[in-house]
Amino acid sequence: MNHDDCVLKQAGCDHVLNSKAKRDKCGVCGGDDSSCQTLAGVFNSAHYALSDTQGNFLLNGNFVVSMAKKEINIQGAIFEYSGSNNSIERINSTDRLEEELVLQAHFVTVPFRYHFNNILGIRLSLHRRKIVCIRKSDHAVVSDQSCGHLPLPLFVTEKCNADCELRWHITGKSECSSQCGQGYRTLDVHCMKYSIHKGQTVPVEDRYCAEQLKPPTREPCHGSCVLTRWHYSEWSQCSRSCGGGEKTRESYCVNGFGHRLDERECQELPPVMLGNCNEFPCPSWATSEWSECPATCGKGMKQRQVWCQLSEDRMSDGFCNASTKPESLRPCELRACASWHVGPWGSCTATCGHGYHMRAVKCVSEVFGTMLDDRECQEASRPSDRQECIVAPCLVVPKVGASSLPTIPLGEAAQWRHGSWTPCSVSCGRGSQARYVSCRDAHDGVADESHCAHLPRPAEVTLCFSPCGEWRAGNWSPCSASCGHGKTTRHILCMSYHQPVDESYCDPEVRPVTEQECRLAACPPSRSHSPSASEQPSHFPGRNVPLTHKPEENHNRGVRLSIRGNQWRTGPWGACSRSCAGGLQHRAVVCQDEDGRSATYCDVASKPPESNRCGSGPCPHWNFGDWGECTQTCGGGIKSRFVICQFPDGQMAQEHNCELPKPPSMMQCHVHACPDDVSWYRGPWKSCSTSCGRGTKYREVLCIDQFQRKLEEKYCSHLQKPRTHKACRSGRCPSWKANRWKECSVTCGSGLQRREVYCRLRGTGPVAEDMCDPATRPQEHRQCWHQDCVKYQWTAGPWLDCSTSCKKKETYRPVKCMNEKNIQVNESFCDPLTKPLSTKKCRNPLCKYVVVTGDSSQCAGNCGFTHPQKITYCTRIQSSKKHALYQLRPVDYEECPVTPSPQVYKCNIGSCLHVATWKVGKWSKCSVTCGNGIMERRVECRTENGWPSDLCLKRLKPDAQKKCYANDCKSLTTCKEIQVMNNITKDGDYDLNIKGRIVKIHCSGMQLENPKEYLSLVKGEDNFSEVYGLRLQNPYECPFNGSRRQDCVCKNDYLPAGYTAFSKVRVDLTSMQIKTTDLLFSKTLFGKAVPFATAGDCYSAARCPQGQFSINLAGTGMKISSTAKWLAQGRYASVIIHRSQDGTKVYGRCGGYCGKCIPHVATGLPIQVL
């Protein structure tokens, strides 16, 4: 059919082709004129008019009347007007109106008004009027006889309901089912009652229109193909997790085909790009008032209560943001309890030369201003009470003749002078201090230093030590011997603020001894003579113990007083009775004779002390704060307070260091009975906070009395308060459904896999995608990898000479498919689209042909013919040059322009003439020197006289190639073998035989005794290891659905963080494993070096790993073994591993708080040859 032809077909008023339906006089399509009644002579002088509610005429009016039929468009609705000259003036419309219209009836002569009742049984019928006789004077009703002389009125009956009609009306239409092209839409058809004069339309039951043909409820439509609409991206994540946030999305103006348009095309429809979200309130932290500082002086800690609440209800702390939780403890410091006060320096003890002066140093209470025992102040910070001083040098008069040096006049004598030492350069620890030194003459004037050369120069700088801590000694251990003499030891610690520190912070010169001798009763088997001085007991229990008994004194006295050899013997000091504020320690002191037996007489004056003061320093004491609020207002509650063990300087101590009893930290309160006429009121549960899935819902809980009046909650505190929140579920949430991955887009190398992803509601099926969370949408594409694509390419040989043929219009050349080693392979390996031409046209001079017929006895059975025939030669005559001799050469039958003789004869196959045969050359050498290779030879079709021919059958053509095998190749398996066997000392890439396959390996350290093997990574950018450096301030969340964001609430302080990229990895060819800790061919881009195949972080404890590693062995001939496993280490560690199908690629995400993953120690990182 010609598309330019046009076919016209008739359509009825019902819009159906070949339909003969017409409108009746009532305007009803297919009607029978029964739905209306014509009242002649009633409305001849009237016409309809339409106006809006403001009085603006839209049809007729303003003394203008449309006489003819017309259609008008009012607010998008089409109105059909019959015209005022029509026998029945009618206005029809079935479209929907958005605003009111006023229908008016205009009369040219006398205006009048109809009044009628709204009768449901609306039918055109008659109603009668009563005829009565009326007296004209007073209009009173009189007897009919009084009007007997007058004629009766003509119209006793009159038609009623003539001002309304019933008909089907289309009240609405659906959207077209097709936005572009042919479609359909449904119609809402209802029975309506029309008031002709009032212009009113009233719906009635459909049964009143049952006599009329109901219009179809479906009609064809044509969608506009140029519709524009806004297309939106997915909603962003809500800006707040609670308390009302905002979400945004991008908008694009598109047409019905989904093509993007300029945004001006969609200006009529404002885009919705901002939405509200998470409008439920947020829980927040609440705090009580700070308690009083528990210390009366010095340092202390004050406290307050911190809790999570929503409205007035306490909730678990997990509902509030832990990173914003207010502190519950805070240090507080009052004025110092006690400090050192110093007096002025006294006068120098010397009148000339060196001396010292002293000053008073006292421990004074800052609270009361009274002097305290020195033990109340810190010994380490005690100022010095003594200092050196230098007055004028003392003059020395030498004796006459005592020296051979010349006598120096007294007035000209010079000496060194120096000032006082400066304070130590450090407040505690080792430092230095300096002083000035100068040479002065006898008149105290500055002299040249050479004048003082006869005297040693005093030092200008000296070391100093200010202790940062003080020594604390433990208890002596039991004696190492059970009899005789032994040793006892103790531990010495350097303490600063009651914490052990390095010993360099304490003064080594006053360090207490760690061991001392101990003597017990003499051992029975041995007898000893008079003890020597070294055997006498030493009494140095501590640095704070006065030296009341010296061994040498005891020895001298023993010799002088103990005539019979009796002497005092002492045991080890016992434990101190108190650890602070002055205690006592005791030891045994016995009198023994020289044989170690108990004696009754020893010198009482030389008896060593049996007890000693110990336990220096102030004792800690209990400090406590104010009582908190009672947990109940009645019925017995509990109140608590903060009770700590504290030193006078404010430092906290362990509770066992304070004397018992410990003050109570809890106490019962409000023990009076609770009222029994109060209760908790439970309000109804509010709607769930989520539209689907798990959420929370809230209800109001109030304390009320028996009259349902609201009270403060404290009146119901004795009753357990009902919960105000509980978990809820609002039906199933739609979730993403992902189908199986389709096949890879390529058969080798890198490609893409696709799968179908859609939003699904269980029990319903697929739903709109905006009902699912876009952040959790599974990926629709992923990379896939098959074996490496072997590179094959076409190679073309030289064109054959066209001079051997003139009729043949084409020549050819060999085209072969070759691999990387330049070995011919099957043509299917090469791309057929890139194959070079193997034939081309020849440009030859004109030829002449003749047909030479052979003997009839000849036949060509062996030449490929299926029946006996006379052999006919088609011979060309080629003129290569003008006036040259003609040359006769046979050509292919099919190319001969002369038709040969059709005569056919029987012949003897055995005596057939061999017209042309295949001629072969010698085989070439094997293409390789070892292993499998190829040999080639030349194969040509020649006639008996040696001319090239096309008469040879291709199926009989001999092979031009064949496989060959040379000597066994010597395969080397390690870099060490290459170094030794080939005497190579240069680092580089070498081919090694690994598990029967030749693999390129980089040999490093070839000049060393044991070179190492490395695998060169073709995809260097895809081989890296990372320890992520950011740490969430709230480690118990996983924001942004686990994706990385630089705007996270994080700290960048994770010290092991780093990123390392690898270009080569070391392989152990014996165990077939990668040595992940070898970083020779790696580059750490930032932070610390990270081993191969390792990743980690300290980001989150909520299974939200951010550390990454990537392995890509594509192109190396190796793959990661399927037995490779990764081990999670650390706290809250999680590991996610993805592997490619061929095993050449592995991608991992690992982390925790803090955690990492490494190849499993049992298997390492095993590899296999592809």
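Modeller: Before we start, a residue counts as buried when its relative accessible area is under 20%, as exposed when that area is over 50%, and as partly exposed in between; please also keep in mind that this is a predicted model.

Colleague: Okay, so is Ala1093 buried or exposed?

Modeller: Ala1093 has 1% relative accessibility, and because that is under the cut-off of 20%, Ala1093 counts as buried.

Colleague: And where is Ala1093 found?

Modeller: Ala1093 sits in the loop that runs between strand E78 (1082–1087) and strand E79 (1095–1097), and although Ala1093 is not a glycine, its phi is positive, at about 60 degrees.

Colleague: What about Asn1041, what is its phi?

Modeller: Asn1041, which is not a glycine either, has a positive phi of about 55 degrees, and its place is the loop between strand E73 (1031–1032) and strand E74 (1050–1051). With 45% relative accessibility, Asn1041 counts as partly exposed.

Colleague: Switching to the backbone, which residues does a cis peptide bond join?

Modeller: The cis bond links Tyr1153 to Cys1154, with omega at about 0 degrees, and Cys1154 belongs to the loop between strand E84 (1145–1151) and strand E85 (1155–1159). For context, most peptide bonds are trans.

Colleague: Last topic, the surface: which residues make the nonpolar patch?

Modeller: Val132, Ile134 and Val141 make a nonpolar surface patch of about 260 Å². Val132 lies in the loop between strand E7 (125–128) and strand E8 (133–134), and its relative accessibility is 38%, so Val132 counts as partly exposed.

Terms used
Residues numbered from 1 in each chain as written. Predicted model: local features only at pLDDT ≥ 70, side-chain atom pairs only at ≥ 80, totals over all residues. Heavy atoms only, no water. Patch = residues over 30% accessible without salt bridge, like charges linked within 9 Å, V, L, I, M, F, W, Y side chains within 5 Å. Areas by Shrake-Rupley, 256 points an atom, 1.4 Å probe, with all protein chains shown as cover. Salt bridge = Lys/Arg side-chain N within 4 Å of Asp/Glu carboxyl O. Helix = DSSP H or I, 4+ residues; strand = E, 2+ residues; numbered from the N terminus. Buried < 20%, exposed > 50% of the residue type's maximum accessible area, 1.4 Å probe, protein only.
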